[in-house]
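Have a look at the picture before reading on.

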Amino acid sequence: MTDIARSAQFTTLLAALRRAFVGEAGTEGAAGDELHRVAKLIAAADLQPGPLRPTLHPVTAHPVTAHLPDVLARAEQRVPELAAALRPIASALPWRYGYAPRADAPGLESAMAWAELIGPLAPIVSHEVCFGLTLIGPRSFYPPHRHPAIELYRIVVGEPLWTVATSTSAQSPGALIFHDRDVVHAMRTGAAPLLAIYSWTGDLNTASVWA
């Protein structure tokens, strides 16, 4: 596939992700304020993508991409436009995992990854906002972690248990979840994988750490 065709697919996907992320209904409070802020920052970014650079060898997909067929089938039922935009380019996105290994969570690096589409090291460079996708396999636990960036998640596929500080609740597709600076949070997937759109604002350069 030519770079021009891949760039067109990326641009189509980004537009679909933005629409799904912002949603149709108004959101109040801190989550609504952050959603409005992120939408403005994305609109202000130079949305001409550079090359996609997966971490692994080009012929070796990240292991988490094995869940993409299931994710895409589930997404087609709820967000067909997004599923159609994601399908031709999903496995070529820059899926990465950045944590140090954990003895108590063997294989975690194969069960989850992020594809950053906008951000300091992303195909679309921005030092104001990160925007991309999180993919976590079924029956996986993303242990408690924190970061100084403010974060939003919009769930596309999956019904995970989500912990923010000391509160745990079941979430479903369409949910918008807000993490303030340095708030500890964790996720646990069930029988379905999790696909979510995420954003970061504020300190984009300090990585997440285990809590």
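Leaving aside neighbours within four places in sequence, which residues is Ser 199 in contact with? Keep in mind that this is a predicted model. The list runs to Phe 21, Val 38, Cys 130, Phe 131, Ile 150, Glu 151 and Leu 152. Ser 199 itself sits in strand 11, which covers residues 194–201. Its relative accessible area is 0%, so Ser 199 counts as buried.

Now hop over to Thr 189, in the loop between strand 10 (185–188) and strand 11. Thr 189 is buried too, because its relative accessibility is 7% and the cut-off for buried is under 20%. Where does Arg 139 come in? Thr 189 and Arg 139 are 50 residues apart in sequence, yet their C-alpha atoms are 5.0 Å apart in space. A polar atom of the Thr 189 side chain lies 3.0 Å from the backbone nitrogen of Arg 139. The Thr 189 side chain also reaches the backbone nitrogen of Ser 140, at 2.8 Å. Setting aside residues up to four places away in sequence, Thr 189 touches several others, including Ile 136, Pro 160 and Leu 194.

Next up is helix 3, residues 68–78, where Leu 68, Val 71, Leu 72 and Ala 75 are buried. They cover an arc of only 95° around the axis, so they end up on the same side of helix 3. Why does that spacing work? An α-helix has 3.6 residues a turn, so residues three or four places apart point the same way. The buried residues of helix 3 pack against several elements, among them helix 4 (80–86), strand 4 (129–136) and strand 11.

Finally, let's talk charges. Side chains of opposite charge can pair when their charged atoms come close. How many salt bridges are there? The count comes to six. One of them joins Arg 19 and Glu 81, whose closest N and O atoms are 2.4 Å apart. Arg 19 is in helix 1 (residues 3–22) and Glu 81 in helix 4, so this pair ties together parts that are 62 residues apart in sequence. Arg 19 is partly exposed at 48% relative accessible area, and Glu 81 is partly exposed at 45%.

Another salt bridge pairs Arg 87 with Glu 76, the closest N and O atoms being 2.5 Å apart. Here Arg 87 comes from the loop between helix 4 and strand 1, while Glu 76 belongs to helix 3.

How values were computed: Residues numbered from 1 in each chain as written. Predicted model: local features only at pLDDT ≥ 70, side-chain atom pairs only at ≥ 80, totals over all residues. Heavy atoms only, no water. Helix = DSSP H or I, 4+ residues; strand = E, 2+ residues; numbered from the N terminus. Buried < 20%, exposed > 50% of the residue type's maximum accessible area, 1.4 Å probe, protein only. Contact = heavy atoms within 4.5 Å. Polar contact = N/O pair within 3.5 Å; in protein donor to acceptor, adjacent residues only side chain to side chain. Arc of directions from axis to C-beta. Salt bridge = Lys/Arg side-chain N within 4 Å of Asp/Glu carboxyl O.
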